[in-house]
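I opened my notebook before turning to the model. I wanted a plain record of what I looked up.

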Amino acid sequence: MVPVDEYRERISKLLPPAPGQRVALEDCLGLALAEDVTAPIPLPPFDNSAVDGYAVRVADVAGADALNPVTLPVTADVPAGRVDVPALDEGTAHRIMTGAQLPPGAEAAVPVELTDGGTERVAVHRALPDGSNIRRAGEDVTAGQVVLEKGQTLGAAQLGLAAALGHAELPVSRPPRVLMLSTGSELVEPGAELRPGQIYESNGIMLAAAVRQCGCEARLLRFVPDEVSQLHAALEPHLADSDLILTSGGVSAGAYEVVKDALESSGVRFDKVAIQPGMPQGSGYYEADGHRVPVVTLPGNPVSSIVSFEVFVRPALRRAGGHREIHRPHRRATLTETLRSPSGKRQYRRGGFDPETDTVTTRGGAGSHLLSGMAAANCLLQLPEESTEVESGSTVDVWLLE
Ligand SMILES: Nc1nc2c(c(=O)[nH]1)N[C@H]1C(S)=C(S)[C@@H](COP(=O)(O)OP(=O)(O)OC[C@H]3O[C@@H](n4cnc5c(N)ncnc54)[C@H](O)[C@@H]3O)O[C@H]1N2
Ligand code: MOO
Ligand SMILES: [Mg+2]
């Protein structure tokens, strides 16, 4: 049997790094930056008011308090967005709003709550130190600064920052395009009538979602029957625009192992990997019509397919997609129960990790058909190859799924 880490490396080597491209900001969520991003402008871009109130010179309001307010004429109104802001003369105030450009000469902004709110003349009830309630140009980001780094995954805040700096598009790694194909003559579309012996197709929808969650594109072909010619026919139209073919089912020891039967002859290698669930695996290249596309074939048992996707395929897709964060977050946790595990195989159980207590408890049994435990889990709990029993209170490795 192939060791888990060796097999993971083999799968990672199948996929070359994706090329870089420039993509509009609204299509960048979840993608990885292909280059560092710098700031073309400072942030804030100009000195501006942090409050709705009045721009003043500090000397003009020195000594003001509630009993002895200072009254100043209001000589301009400065809403946010005004571009022709007049200078502030000594002994005057400008009414100013949050985010509006600070008038030349102004040294502080008095919140409207500390005034009488006048529009012609304003009574200021408090003295303020120089710079009060002013947001200075460049105090967040200076022009030329690297603000986002190559390999960073773009989430909401990163996209917000890029937009604030005026970037309309970003250099990202092109997301790997995955063709997800689920095989099995027993599979029926959810919503349709189920006859005895049939089951609803679930691996395709699950694995395509998992592919998308790691920042890749997925095209899903859900109902390929256990017939070799039909598998080839399903693949053919998509070879030119797929970076990876991912299949579910048909790789074990039975009489109708469509994936194995179709792909073994085209050079895909089938192995037993020392993992439970997920032991029967295949990988290599599918070659046809001058195309050569990497293939990973996952076993059909639902939990086997998603667990082996997590362990073998996700890291490869993250790396190929240019992401700096390739692996799920790792924790060490105290096991709350005694577990048995198969000798010579690394077992991944579905777990509930409690961050308050750093403990982990299984969700459902070890069987590779027990999908509800997977759906209830927030982590995979890893039991080493050499162990056959792990006692309650032991420290174990967990990989957070969320
Ligand atoms: N004699 C042996 N039998 C089996 C072995 C073995 O070594 N010797 N290995 C077992 C292990 S371990 C696994 S894992 C499975 C792998 O099976 P296949 O990859 O060949 O998958 P199938 O036979 O097509 O299906 C297995 C199981 O999963 C259900 N399935 C398949 N596709 C889907 C789908 N898209 N959605 C929902 N459920 C699906 C299918 O109905 C079967 O119940 O083989 C063991 N057998
Ligand atoms: O290796 Mo299989 O994936 O246990 O059910
Ligand atoms: Mg089978």
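How many helices and strands does the secondary structure of the chain come to? I found eight helices and 27 strands. Helices (H or I, at least four residues) and strands (E, at least two) are DSSP runs, numbered from the N terminus.

**Ground rules.** I am reading a predicted model, in which local features need pLDDT of at least 70, side-chain atom pairs count only at pLDDT 80 or more, and totals for chains, interfaces and linings use all residues. Residues are numbered from 1 along each chain as its sequence is written, chains are lettered from A and ligands numbered from 1 in the order in which they are written, and side-chain values use heavy atoms, with hydrogens and water left out.

**Overall shape.** I looked up the radius of gyration, which is taken over C-alpha atoms. The chain has 31 Å, whereas a compact globule of 402 residues would have a value near 21 Å. The globule rule is 2.2 Å times the number of residues to the power 0.38. Along the principal axes, the C-alpha atoms fill a box of roughly 95 × 55 × 45 Å. I then checked burial: 49% of the 402 residues count as buried. Buried means under 20% relative accessible area, exposed over 50%, and partly exposed in between (1.4 Å probe, protein chains only).

**Ligand 1.** Which of the 23 residues around ligand 1 come nearest? I noted Glu186, Glu201, Ser252, Glu257 and Gly300. A residue is near a molecule if one of its heavy atoms lies within 4 Å of it. Next I took the polar contacts, pairs of N or O atoms within 3.5 Å; within protein, one must be able to donate a hydrogen and the other to accept it, and residues adjacent in sequence count only if both atoms are side-chain atoms. Glu186 brings a polar side-chain atom to 2.6 Å from an oxygen atom of ligand 1. Gly300 has a polar backbone atom 2.9 Å from an oxygen atom of the ligand. Ser202 also uses a polar backbone atom, 3.0 Å from a nitrogen atom of ligand 1.

I stayed with Ser202. Its place is the loop between β14 (199-200) and α4 (203-213). Ser202 counts as partly exposed because its relative accessibility is 25%. I also compared Ser202 with Ala50: they are 152 residues apart in sequence and 53 Å apart in space, C-alpha to C-alpha.

**Helix α4.** I moved on to Ala208, which lies in helix α4. Is Ala208 buried or exposed? Ala208 is buried, because its relative accessible area is 0%. Ala218 is 10 residues from Ala208 along the chain, and their C-alpha atoms are separated by 5.5 Å.

**Ligand 2.** I listed what surrounds ligand 2: Gln276, Pro277, Gly278, Met279, Pro280, Asn301, Ser304 and Ser368. This shell divides into three nonpolar, five polar and no charged residues. Here Ala, Val, Leu, Ile, Met, Phe, Trp, Tyr, Cys and Pro count as nonpolar, Asp, Glu, Lys and Arg as charged, and the others, Gly among them, as polar. A polar backbone atom of Gly278 is 2.4 Å from an oxygen atom of ligand 2. Ser304 has a polar side-chain atom 2.5 Å from an oxygen atom of the ligand. For Ser368, a side-chain N or O atom is 2.5 Å from an oxygen atom of ligand 2.

I looked again at Pro277 in this shell. A cis peptide bond joins Gln276 and Pro277, with omega about -5 degrees. Pro277 sits in the loop between β18 (275-276) and β19 (280-288).

**Another cis bond.** I found a cis peptide bond between Leu43 and Pro44 as well, with omega about -10 degrees. Pro44 is in the loop between β2 (37-38) and β3 (48-49).

**Positive phi.** Asn133 is not a glycine, yet its phi is positive, about 60 degrees. I placed Asn133 in the loop between β8 (121-124) and β9 (134-135). Asn133 is partly exposed, because its relative accessible area is 28%. Asp289 also has a positive phi, near 50 degrees. The loop between β19 and β20 (291-298) holds Asp289. Asp289 is exposed, because its relative accessible area is 58%.

**Helix α7.** My last entry is Glu310, in helix α7 (residues 302-320). Glu310 is buried, because its relative accessible area is 11%. Its side chain makes a polar contact of 2.8 Å with the side chain of Arg328.
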